[in-house]
Amino acid sequence: PHKNFEKEIAVVTLEEDEEIVFQIRAKLFRFNKEAKEWKERGVGECKFLKHKETKKVRVLMRRDKTLKICANHFITPDMKLEVNCGSDRSWLYSTPADFADEEASPETLAIRFANSENATKFKEAFEKVQEEVKDIYKEDK
């Protein structure tokens, strides 16, 4: 007799206590200080996730296919989006603690989009989040 042994396995993404407030496809790069060059981190969906209790918002980006995390850091009020080499479809910014490699490390990142409209949407959503979390980070000090 043929028996079906399929079992459902619960997949825990650690996103269960968060809601997606923004999502867009992008390509992410990290500046390697030692080599003094940009290294591609991955292509995939970039999400802004808002924690239901703390209200803090983080950037989470996973690579297509492998779903390996290539960006995982909070958006804070003191972060600055800067124009990347005059391109209208990418931004540069620094984060004091990115956890993509599981240990916190300061990173300079560049994020590039398919077109300038998407880059503008990202900037507007990023700055809106910074405004929303401003008071949370005042309380932490």
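The protein exposes about 9,500 Å², of which carbon and sulfur atoms supply 51%; accessible areas come from the Shrake-Rupley method with a 1.4 Å probe, and for residues only the protein chains shown count as cover. This is a predicted model, in which local features need pLDDT of at least 70 and side-chain atom pairs count only at pLDDT 80 or more, while totals for chains, interfaces and linings use all residues. Residues are numbered from 1 along each chain as its sequence is written, and side-chain values use heavy atoms, with hydrogens and water left out.

**Overall make-up**

- The protein has one helix and seven strands; helices (H or I, at least four residues) and strands (E, at least two) are DSSP runs, numbered from the N terminus.
- Along the sequence the pattern reads β-β-β-β-β-β-β-α.
- Of the 141 residues in the protein, 37% are buried (under 20% relative accessible area, 1.4 Å probe, protein chains only).
- Contacts (heavy atoms within 4.5 Å) between residues at least 6 apart in sequence join residues at least 24 apart in 51% of cases.

**Pairing of strand β7**

- Strands pair if DSSP finds at least two bridges between them.
- Strand β1 (residues 18–32) and strand β7 (residues 105–112) run antiparallel and are joined by four bridges.
- R30 stands opposite L109 in β7.
- Strand β6 (residues 87–98) also runs antiparallel to β7, with seven bridges between them.
- D98 stands opposite S105 in β7.

**Hairpin of β6 and β7**

- Six residues lie between the two strands of this hairpin.
- In the hairpin, E102 takes a positive phi near 75°.

Key:
Buried < 20%, exposed > 50% of the residue type's maximum accessible area, 1.4 Å probe, protein only.
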